[in-house]
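Q: Could you go through this structure with me? I'd like to ask a few things as we go along.

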Amino acid sequence: MRGWRWLWTAAVVSVHLAGSGSAAAAPAAGSSERAIDALVEQSHQRLQQRQVTEGYQTLLRAVLLAEESNLPARAAALAADAGDLALLLGDWPEAEQRFLQAVQRGAQASDPFAEARGQHGLARIYRRVGRYDEALRAAHRSVTLTRQHPDRSAHAAAHNEMAAVCSAMGRLDDAKKLLRRAIEIDEAAGNRPGVAHQRTDLAAAHLSAGELAEAEALLDALATLVEEPAMAHLGGRVYSNRGSLAVARGDWERAVTELRRAREFADRSGDVVAM
């Protein structure tokens with residue numbers, strides 16, 4: 001299961017502002033905001049040019065400036081972005097620090113969504129390294145913080161991450177229940193890509209539980225759906241799961257066909273298919 005797919009994501013740099021007894025005056029808010037915007041734009045440009053490390057370093061400068069300018073809400077959002085980029089770069093300790101800072105600054109700014117982004121990012125990291133109790137606490141906190149947020153997809157995604165933690169812990173019934181709730185939330189919001197994403201993960205949960213008929217029903221419907229351009233990014237995962245289903249049934253010829261199809265979708269989208 002995948003983590004919360006926000007535009008960027010959550011965490012913040014631990015910045016220790018040096019000072020003897022008197023702190024330097026913070027830059028005027030307006031000029032600071034403009035300078036931060038300029039740095040964020042530079043970061044976006046570098047990322048578009050696939051210069052991820054350079055884009056990340058530029059984003060950290062924006063986080064630092066937000067901290068120095070006493071803009072905790074902005075620092076929290078930017079730190080969350082930095083956490084996602086650190087994960088992309090494979091630097092998990094750095095990502096953890098960024099997400100922790102997003103949690104701290106989001107709470108300081110009374111911004112539950114920014115704090116939720118940090119908690120969601122922490123849940124992803126802790127789940128992947130087997131720190132399941134911490135992952136579950138962070139995921140549950142993310143669900144709570146997003147309950148009243150107008151972006152219902154964030155609340156659905158928080159349920160999805162909590163389901164991923166439960167699945168990793170072998171609590172498949174809990175995982176399926178959370179994914180069904182995520183589907184309900186996305187359906188009520190009219191979020192078709194979100195519904196497809198949740199159903200893909202629900203099919204995987206059914207596979208893990210040995211519930212092949214339930215998995216097959218979902219995957220058959222999804223195989224039609226991923227032919228739509230807006231849903232094609234899920235094709236690799238859907239056909240990879242269909243390959244796993246064929247293996248579970250001992251149909252090796254079909255498994256090879258499904259996995260080749262998964263590779264075709266993955267190559268088109270730049271995705272990575274777990275086989």
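Q: How are helix 8 and helix 9 oriented to each other, roughly parallel or roughly antiparallel?
A: Helix 8 and helix 9 are roughly antiparallel to each other, where angles under 35 degrees count as roughly parallel, over 145 as roughly antiparallel, 65 to 115 as roughly perpendicular and the rest as oblique. Before going further, please note that this is a predicted model, in which local features need pLDDT of at least 70 and side-chain atom pairs count only at pLDDT 80 or more, while totals for chains, interfaces and linings use all residues. Residues are numbered from 1 along each chain as its sequence is written, and side-chain values use heavy atoms, with hydrogens and water left out.

Q: What's the crossing angle for helix 8 and helix 9, then?
A: Their axes cross at roughly 165° and come within 9 Å, helix 9 being residues 192–208; the axes are lines fitted to C-alpha atoms, for helices over the stretch in contact, and angles run from 0 to 180 degrees between N-to-C directions. Helix 8 passes helix 9 in a left-handed crossing, that is, with the near helix turned anticlockwise from the far one by less than a right angle, clockwise being right-handed.

Q: Which residues of helix 8 and helix 9 meet?
A: On the helix 8 side they are Leu-172, Lys-176, Leu-179, Arg-180, Ala-182, Ile-183, Asp-186 and Glu-187, and these meet residues of helix 9 including Val-195, Arg-199, Leu-202 and His-206, contact meaning heavy atoms within 4.5 Å. By class, this contact has 7 nonpolar, 4 polar and 6 charged residues, with Ala, Val, Leu, Ile, Met, Phe, Trp, Tyr, Cys and Pro taken as nonpolar, Asp, Glu, Lys and Arg as charged, and the others, Gly among them, as polar.

Q: Stepping back, how many helices and strands are there in the protein chain?
A: The protein chain has 12 helices and 0 strands, both being DSSP runs numbered from the N terminus (helices H or I, at least four residues; strands E, at least two).

Q: And how much of the chain is buried?
A: Of its 275 residues, 49% count as buried, which is under 20% relative accessible area, with exposed being over 50% and partly exposed in between (1.4 Å probe, protein chains only). Among contacts between residues at least 6 apart in sequence, 63% join residues at least 24 apart.

Q: Back to packing: how do helix 3 and helix 4 cross?
A: The axes of helix 3 (residues 72–88) and helix 4 (residues 92–108) come within 8 Å and cross at roughly 160°, and the two helices are therefore roughly antiparallel to each other. The contact involves, among others, Ala-76, Ala-79, Gly-83 and Leu-87 of helix 3, together with Trp-92, Phe-99 and Ala-102 among the residues of helix 4. By class, it has 12 nonpolar, 3 polar and 4 charged residues.

Q: What about helix 5 and helix 7, at what angle do they cross?
A: Their axes cross at roughly 20° and come within 10 Å, and that makes helix 5 roughly parallel to helix 7. Helix 5 passes helix 7 in a left-handed crossing. In helix 5, Phe-113, His-120, Ala-123, Arg-124 and Arg-127 meet residues of helix 7, including Ala-157, Glu-161 and Val-165, and the contact divides into 8 nonpolar, 1 polar and 3 charged residues.

Q: Staying with helix 5, is Gln-119 buried or exposed?
A: Gln-119 is found in helix 5 (residues 112–128) and counts as buried, at 13% relative accessibility. Leaving aside neighbours within four places in sequence, Gln-119 is in contact with Val-103, Ala-138, Arg-141, Ser-142 and Leu-145.
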